[in-house]
Amino acid sequence: MQAKIIRQAWQVLESSVVTYQGQPVGTVAAQDTETAPLNYDQVFTRDFAISAFAFLLDGRPEIVRNFLETTLRLQSQERQLDCFKPGEGLMPASFKVTCDGSREHLVADFGEYSIAQVAPVDSGFWWLLILHAYVRTTADRAFAERAEVQEAIRLILDLCLISRFDMFPTMLVPDGSFMIDRRMGVYGYPLDIQAQFFAALRAAMDLLDDNDPTSATYQPVLSQRLSNLAHHVRTYYWLDLSRLNQIYCYGVEEYGPTSINKFNIHPDTIPNWLMDWLPEHGGYLVGNLGPGRIDYRWFGQGNLLACAAGLASQEQTGAIMQLLAARADDLIGEVPLKLCFPALADQDWRILTGCDPKNRPWSYHNGGHWPVLLWLLTLVSLQSGHQALAERALKAAERRLSRDDWPEYYDGRHGRLMGQQARRHQTWSAAGYLIACQLLEDPERAALLPVTSLHRAPGWLSCAKASVT
Ligand code: GLC
C-alpha cells in the first residue's frame, strides 16, 4: 500500500516540473484543473525548496542546479525603496515561463503581482538553503564558489543584515512575508522568520568562500549575529509552565538595564486557553516577541525549523517534542501538522486578519493543517530520538493524502476536513511526504539536508545560554 502511495506522490512531483529552453528549472505550486490557477501555476521559491530536497535525496541534482542558476539571473539588482519595486538582493517569491511565438521568457514576481502585494522575506533564505543542500549532496563546491554565486549570497546577506531602526538581533518584517503570506498578525519578529534567518545564516557561513576576500569579511559578522540571535530566542521566546508563572508574576514599568521584564509584558496578556493547555512537562518557542508584546500562539514551522537548525537548544528541542506528544490532538491532528494554534477567532480574527474569510478560524493559515510540514516533523523526530512519533503521524496521514489527491491543507480543530479552498495536486504536499519517507527509510540522509547542523554545533553556539526551566 505504502509503495503505491509513494509512486503516486512521485507522479505528482514529476508532473509539476517546468522547463525553460528544454531544461527542467522548477516545479509549479499546484496542478488543480478544477480551480482557477491564479499564481499556483508558477514556481514558488519556498515551495520549490521542498521539491528540491526530495530530488536531491533521490540523487537528482540537475533540476536544482538549473533552478539556482535561473533565479540567480532573476534576483533583483536594482537599489530601490518603495515605488512597488523590489529591493536589491531580493529573490523572487515566484517566477513563470511565458511564450511569445517560439521565444520563452522568464517573468519574476517579487510580490508586486500577489494578493495584497507582500514582498517575500523568506525567498532569499530558502534560496540559500537550497544551495546548501545542493552542495552537501553533490559536493559541487565549485558551483557555490563561482563569482556570481558568491555575489548573490552577499546580496541576500546585505539585504537582511542592514541596520535600520532596531536593537534586537531578530529580524523585523511586515505582516505575511513568509509561508503565511496574508495578514495574520505575524508582523514584527515572527518566530518562523527568525528560525529561517538563523538556518540561512548558518548555511551562508558554510557557503561563503574564505579565499574570496570580500566574502571572507562577512564571517565575523555572521558568527556574532548567530550567537546573539540564538541567545535572544532561547532566552526570551521560550515558554514552559515555570516561565509562564514568572510572566504571571512579572512587575511592569521597570526602567534601566537591571529590569527583569525586559519587554514590559503585562501579565494580563496571558490568554485563558494557555493556562490549562500547557502541560507540566514540555514547552515551546512563542510565535512573536516585541515591545509590550508576546504572541503566545504555537507556530509549527517556526518551532520545528528552530529545532532542526539548532536555534532551539537540545534541551528545548526535547521539550518541544514532549509538548507535541502531549498535545498531539491539537498540534498533529489527523493530517499533520497544525500551522498555528489556536486559531484567531471573533474580534481577534476581525482585527488581525482584516476579516479575511480564507483565514477564518481553523482554516488555511489560521489553524489549518499543512501536510508539507511532514518533512520537518520527521526530520526533528529523527534528530531527537522520537522516530515513533513521526511514523505514527505519517501512517495516519498517507491514506487521506492519496485519497484526497494531495491537497494543500486541511481544516478543522483536528484537521479532519479537506481545506475549503485547498488546491489538489499541491506539489509540496507530495514532496513533503516523500522527504518524510526518504528519511524514515534511511535516517542517515538527514545529514544531507541544509537545516541540520545540530550535531556540528560550533563552540559559540553552545555558549548561547539555553533556558529550559
Ligand atoms: C499559498 C501559501 C504560500 C505558498 C503558495 C503556493 O499562498 O500561503 O505559502 O507558497 O500558496 O503554494
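The model is predicted, so local features need pLDDT of at least 70 and side-chain atom pairs count only at pLDDT 80 or more, whereas totals for chains, interfaces and linings use all residues. Residues are numbered from 1 along each chain as its sequence is written, and side-chain values use heavy atoms, with hydrogens and water left out.

H9 comprises residues 218-237 and reaches 27 Å from its first C-alpha to its last, close to the expected 28 Å (1.5 Å times one less than the number of residues). Helices are DSSP runs of H or I with at least four residues, numbered from the N terminus.

Residues surrounding the ligand (a heavy atom within 4 Å) include Ala-29, Tyr-40, Phe-44, Met-179, Asp-181, Tyr-364, His-365, Glu-408 and Trp-428. Arg-46, Asp-47 and Gln-426 are also among them. A polar side-chain atom of Arg-46 lies 2.9 Å from a ligand oxygen atom. For an N or O atom in the side chain of Asp-47, the distance to an oxygen atom of the ligand is 2.6 Å; for Gln-426, the corresponding distance is 3.0 Å. The protein covers 95% of the 310 Å² of accessible area that the ligand has on its own (Shrake-Rupley method, 1.4 Å probe).

Leu-159 is located in helix H6, residues 147-161, and is partly exposed at a relative accessible area of 35%. Its C-alpha atom is separated by 7.9 Å from that of Gly-87, 72 residues apart along the chain.

Conventions:
Helix = DSSP H or I, 4+ residues; strand = E, 2+ residues; numbered from the N terminus. Polar contact = N/O pair within 3.5 Å; in protein donor to acceptor, adjacent residues only side chain to side chain. Buried < 20%, exposed > 50% of the residue type's maximum accessible area, 1.4 Å probe, protein only.
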